[in-house]
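Try each task before reading its solution.

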Amino acid sequence: MAATYSLRTLHHHQHSSSFKRLSTPPPPPPPSSFFLKSPSSSTSTTNTLSSLSSTTTFSLPSSTTSTTTSHAISFDTLQHHLSNQNFRQADEETRRLLILLAGEAAQKRGYVFFSEVQFISRNDLKAIDELWKKHSNNKFGYSVQKRQWQKVKKDFTKLFLKLGWMKKLDTEIEQYNYRAFPDEFIWELNDETPEGHLPLTNALRGTQLFNSILSHPAFEGQEEEAETGENGGVTVRDGTTKPLSNKFFKPNYSF
């Protein structure tokens, strides 16, 4: 009986211990299972990422469109400066507009290459020119400058002198120099202001940019005079024309 009781007791004890082990909660999962999310958590994370993605996507195109699409660029600031005769500010705004209209490369660089002028639409460049002419009694503007350019048979040296961008030096040899920016340029409209004096175009890197602007389709249709020779050259006392060089040009401004 004692032996039987002992066996029953042992069996009962083992059964009870097994039951208790089965009833004990399983240990926590290993650290690697930390990345497994429940369906609700996964959905929440997905929604959050989707929300962030949509927010970023919304903010980027707004700035990109406003700087690369001509339809999003306003000429109101230019008109405001011109209507108030603030020609210095209008000149800076014109330069800013050309950079925006020329495309992303010009925007990143901060200035326009002559090869990028072709990307500026005819309507946009013509609109800028019309504003300058309107608020200067047809004395300023690119089309006014082109007319002067044609009068001197597209000689940029003569053109710069005619526009008042260069001055003759008081030397024994006939020499010229660019005017110092901004103090030596004229920022007001009066009888002494040369026709076509504004807006300015930087010729520090050569005349190709100015040539591209004046040759733009926006200004086609203007009566052209006969062309002789190529751009660049200074007429000296013996009547000959020599190419531009540092002897005659001393660039000392940037606009």
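**Exercise 1: a helix pair**

L125, I128, D129 and K133 in α6 meet Y142, S143 and V144 in α7, where contact means heavy atoms within 4.5 Å. This is a predicted model: local features need pLDDT of at least 70, side-chain atom pairs count only at pLDDT 80 or more, and totals for chains, interfaces and linings use all residues. Residues are numbered from 1 along each chain as its sequence is written, and side-chain values use heavy atoms, with hydrogens and water left out.

Task: work out how α6 and α7 are oriented to each other.

Solution. Start with the axes, which are lines fitted to C-alpha atoms, for helices over the stretch in contact, with angles from 0 to 180 degrees between N-to-C directions. Those of α6 (residues 122-134) and α7 (residues 142-151) come within 7 Å and cross at roughly 85 degrees. Helices here are DSSP runs (H or I, at least four residues), numbered from the N terminus. Next, apply the class for 65 to 115 degrees, roughly perpendicular: α6 and α7 therefore fall into it.

**Exercise 2: the buried side of α6**

Task: list the buried residues of α6 and find what they pack against.

Solution. Buried means under 20% relative accessible area (1.4 Å probe, protein chains only). In α6 that gives D124, L125, I128, D129, L131, W132 and K133. Then look at their partners: α3 (76-83), α4 (87-102), α7 and α9 (208-214). Finally, zoom in on I128: leaving aside neighbours within four places in sequence, I128 is in contact with F75, L78, T94, L97, L98, L101 and Y142.

Definitions and conventions:
Helices (H or I, at least four residues) and strands (E, at least two) are DSSP runs, numbered from the N terminus. Angles under 35 degrees count as roughly parallel, over 145 as roughly antiparallel, 65 to 115 as roughly perpendicular and the rest as oblique. Buried means under 20% relative accessible area, exposed over 50%, partly exposed in between (1.4 Å probe, protein chains only).
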